[in-house]
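Have the viewer open and follow along.

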Amino acid sequence: MFINTENKFIWKNGSFQKWDDTNVHILSHTLHYGTGVFEGVRAYKTSNGPAIFRLNEHTDRLFNAADKLNIKIPFSKDQINNIQCEILNKNNLNEGYIRPIVYLGNEGLGLRAKDLSVNVAVAAWEWPSYMDPQAKENGISVIKSSHRQYENPLHSGNKIIGTYFSNTMALHEALDSGADEAIMLDKNGYISEGSGENIFLVKDNIIFTPTTDHCLNGITRQSVIKIAKDLNMSVHEKNIDLDDLVKADEAFFTGTAVEITPITSLDKKYINNGKRGIVTKQLQEEFQDIISGMNLTYDSWLTYTR
């Protein structure tokens with residue numbers, strides 16, 4: 001739930017507007033057809049003030065996704081980066097979640113998305129934990145979803161509005177069954193990702209993660225691969241069967257929202273006796289040092305807002 005919205009602002013098309021005053025027209029093309037892109041970005045509290053994690057990479061991905069939909073964002077990358085810093089400060093946040101979104105206007109309706117305005121908005125709010133805080137230690141439960149990842153790599157590989165319906169249905173299916181998350185398979189029957197997270201598993205101290213043929217190449221995913229290799233861990237990208245997950249020594253999700261969260265059961269059967277693994281714990285601790293500004297080796301990953 002959003003809190004303190006009466007004191008918050010959203011940046012939209014060049015100006016800050018009060019949270020409740022920012023509206024989208026009912027005939028916005030994006031509302032009807034999903035033609036637009038978005039990002040999910042986190043900022044963390046550090047001793048040097050709020051710091052946005054891998055801001056440049058998130059903004060690059062926003063622009064790359066827009067290019068694939070032939071949408072020209074009417075602001076530069078530097079402007080969008082600065083706005084994300086400004087909105088965090090404007091809303092007096094020391095840490096939080098930032099959501100840039102690019103959507104088409106209401107000048108006309110129909111599949112012919114030509115001569116429509118391109119609108120850009122950026123919001124920021126408190127986001128203490130996507131999962132129960134204890135999940136970082138105790139892990140979460142997952143089920144194999146009956147909903148598969150969308151078959152079009154354009155959709156699965158980019159944050160495009162309107163392409164997350166299968167993910168939403170998969171998550172709801174998991175929640176309705178009493179689990180915390182879902183495991184989605186790709187069109188070939190291999191593990192793709194969670195409803196909104198990348199997945200890793202560990203077997204015999206080797207880390208495995210699915211290829212990005214049919215899943216988002218998440219920025220946290222890329223970061224964890226880099227961190228693991230810097231710790232002299234072996235990481236392999238490969239097609240992963242559900243049976244590989246069943247037999248894994250450890251498993252964990254990565255993502256902007258979940259950061260690094262252990263998976264301790266699949267379809268009500270324990271992974272690693274239902275406990276967080278040693279490799280997962282080590283990566284969590286390293287990641288926490290990085291996002292809090294304590295590990296200067298990765299200081300380039302942080303953009304300080306003040």
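**Aromatic pairs.** I counted ring pairs and got 12 aromatic pairs, taking rings of Phe, Tyr and Trp (its six-membered ring) as paired if their centres lie within 6.5 Å, with planes under 30 degrees apart called stacked, over 60 edge-to-face and the rest tilted. Phe53 and Phe287 are an edge-to-face pair, because their ring centres are 5.5 Å apart and their planes stand at 75 degrees. Phe53 belongs to strand S5 (residues 51-53) and Phe287 to helix H9 (residues 278-291), so this pair ties together parts that are 234 residues apart in sequence. My helices (H or I, at least four residues) and strands (E, at least two) are DSSP runs, numbered from the N terminus. Phe53 and Phe287 are both buried; I use buried for under 20% relative accessible area, exposed for over 50% and partly exposed in between (1.4 Å probe, protein chains only). I also noted one aromatic cluster, formed by Phe2, Trp19, Tyr97, Trp125 and Trp127.

**Ground rules.** I am working on a predicted model, where local features need pLDDT of at least 70 and side-chain atom pairs count only at pLDDT 80 or more, while totals for chains, interfaces and linings use all residues. Residues are numbered from 1 along each chain as its sequence is written, and side-chain values use heavy atoms, with hydrogens and water left out.

**Charges over rings.** Next I looked for a charge over a ring (NZ of Lys or CZ of Arg within 6 Å of the ring centre and within 35 degrees of the ring normal). The charged end of Arg54 sits over the ring of Trp301, 4.3 Å from the centre. Lys90 lies over the face of Phe16, with 5.3 Å to the ring centre.

**Cores.** Which residues have the most contacts inside the largest nonpolar core? I found Val37, Ile52, Ile73, Ile80, Ile98, Val102 and Val120, in a core of 27 residues. Strand S4 (41-44), helix H2 (55-68), helix H3 (77-90), strand S6 (96-104) and strand S7 (118-125) each supply at least two residues of this core. Another core lies apart from it, with 22 residues, among them Ile227, Met233, Phe252 and Trp301. By core I mean a set of buried Ala, Val, Leu, Ile, Met, Phe, Trp, Tyr and Cys residues joined through side-chain atoms within 4.5 Å.

I then took Val102 and listed its contacts (heavy atoms within 4.5 Å). Beyond neighbours within four places in sequence, Val102 is in contact with Gly36, Val37, Leu62, Ile71, Ile73, Val118, Asn119, Val120 and Ile161.

**Strand S15.** Is S15 (residues 259-266) mostly covered or mostly open? It is mostly covered, with eight of its eight residues buried. Its pairings came next; two strands pair if DSSP finds at least two bridges between them.

- Strand S8 (residues 140-144) pairs with S15 in the parallel sense over three bridges, and Val142 stands opposite Leu266.
- Strand S14 (residues 250-255) pairs with S15 in the antiparallel sense over four bridges. Phe252 has Pro262 as its bridge partner, and S14 and S15 form a hairpin with three residues between them.
- Strand S16 (residues 269-270) runs antiparallel to S15, joined by two bridges. Ser265 stands opposite Tyr270, and this hairpin has two residues between its strands.

**Positive phi.** A reminder to myself: most residues other than glycine have a negative phi. In the S15 to S16 turn, Asp267 has a positive phi of about 50 degrees. Lys268 is in that loop too, with phi near 70 degrees, and is exposed at a relative accessible area of 77%. Asn70 sits in the loop between H2 and H3, with phi near 60 degrees; at 74% relative accessibility Asn70 counts as exposed.

**Helix H7.** The 12 residues of helix H7 (residues 219-230) should span 16 Å at 1.5 Å a residue, and the end C-alpha atoms are 17 Å apart, which agrees. The expected span is 1.5 Å times one less than the number of residues. Buried residues of H7 include Ile219, Arg221 and Ile227. Asn232 follows H7 and has a positive phi, near 65 degrees.
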